[in-house]
Amino acid sequence: MRERRSSALRSGVGLHYQVLPESIYPLFGAAVHESVCVPVKGNQGRLSPMDIGSIHPLLDKATAVLIGCGMGCSETTAAVEKTVLDTVTCPVIIDADGINALEGHIDVLEAAHCPVILTPHDGEFVRLGGD
């Protein structure tokens, strides 16, 4: 996760927001000084679809969204992704756990209201699309 965040910052992005469950905020916030951390309530240490309301203002003004790194692979992750893909019009980059959570939910990508960029490694590609 740190490499992707650092890559985004090295590419020249302006403000970089990191939305994360408040339960991990103290550890993450102490280690990461270059991001604006946005702690949300979460559910058992993971983002929840209920958190979207609190980050909606960020999504409205985002020029790009990265989702998936360190989120975990669950139905909750897939629901958060679906909500983001239904909400934003800017490009969404889906990586790591975001790709894995979409296994069996390819329809979420087909229904997206925004450009979607997937960055799978070989194993993630097979889980998402088969051989």
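Biologist: In which loop is Ala96 found?

Modeller: Ala96 is found in the loop that lies between β4 (92-94) and α5 (97-101). Such labels denote DSSP runs numbered from the N terminus: helices are H or I runs of at least four residues, and strands are E runs of at least two. Please note that this is a predicted model, in which local features need pLDDT of at least 70 and side-chain atom pairs count only at pLDDT 80 or more, while totals for chains, interfaces and linings use all residues. Residues are numbered from 1 along each chain as its sequence is written, and side-chain values use heavy atoms, with hydrogens and water left out.

Biologist: What is the phi of Ala96?

Modeller: Most residues other than glycine have a negative phi. Ala96, although not a glycine, has a positive phi of about 50°. Gln44 likewise has a positive value, with phi near 55°, in a residue other than glycine.

Biologist: Where is Gln44 placed, and is Gln44 buried or exposed?

Modeller: Gln44 has its place in the loop between β2 and α3. Buried means under 20% relative accessible area, exposed means over 50%, and partly exposed lies in between (1.4 Å probe, protein chains only). Gln44 counts as exposed because its relative accessibility is 77%.

Biologist: Which residues of α3 are buried?

Modeller: Ile52, Ile55, Leu58 and Leu59 are the buried residues of α3. They cover an arc of only 110° around the axis, so they are on the same side of α3; this arc is that of the directions from the helix axis to the C-beta atoms. On the other side of α3, the exposed residues are Gly53, Pro57, Asp60 and Lys61.

Biologist: What covers the buried residues of α3?

Modeller: The cover includes β1 (17-21), β2 (36-40), β3 (65-67) and α4.

Biologist: How do the axes of α3 and α4 cross?

Modeller: Two packed helices are described by the angle between their axes and the distance between the axes. Here, the axes of helix α3 (residues 52-61) and helix α4 (residues 75-87) come within 12 Å and cross at roughly 35°. The axes are lines fitted to C-alpha atoms over the stretch in contact, and angles run from 0 to 180 degrees between N-to-C directions. The crossing of α3 and α4 is right-handed, that is, the near helix is turned clockwise from the far one by less than a right angle.

Biologist: Which residues of α3 and α4 meet?

Modeller: From α3, Ile52, His56 and Leu59 meet Val80, Thr83, Val84 and Thr87 of α4. The residues of this contact divide into four nonpolar, three polar and no charged. Contact means heavy atoms within 4.5 Å.

Biologist: How many salt bridges does the count come to?

Modeller: A salt bridge requires a side-chain nitrogen of Lys or Arg within 4 Å of a carboxyl oxygen of Asp or Glu. By this rule the count comes to one salt bridge. Asp86 forms a salt bridge with Lys82, and their closest N and O atoms are 2.8 Å apart. Because they are four residues apart in helix α4, Asp86 and Lys82 are separated by about one helical turn. Asp86, at 34% relative accessibility, counts as partly exposed, and Lys82, at 41%, also counts as partly exposed.

Biologist: Where is Thr89 found, and with which residues is Thr89 in contact, leaving aside its neighbours within four places in sequence?

Modeller: Thr89 is found in the loop between α4 and β4. Apart from those neighbours within four places in sequence, Thr89 is in contact with His113, Cys114 and Pro115. Thr89 is exposed, with a relative accessible area of 66%. The C-alpha atoms of Thr89 and Ala112 are separated by 8.9 Å, although these residues are 23 residues apart along the chain.

Biologist: How many residues apart in sequence are Leu27 and Glu81?

Modeller: Leu27 and Glu81 are 54 residues apart in sequence, and 24 Å apart in space, C-alpha to C-alpha. Leu27 lies in helix α2 (residues 25-31) and counts as exposed at 69% relative accessibility.

Key:
Ala, Val, Leu, Ile, Met, Phe, Trp, Tyr, Cys and Pro count as nonpolar, Asp, Glu, Lys and Arg as charged, and the others, Gly among them, as polar.
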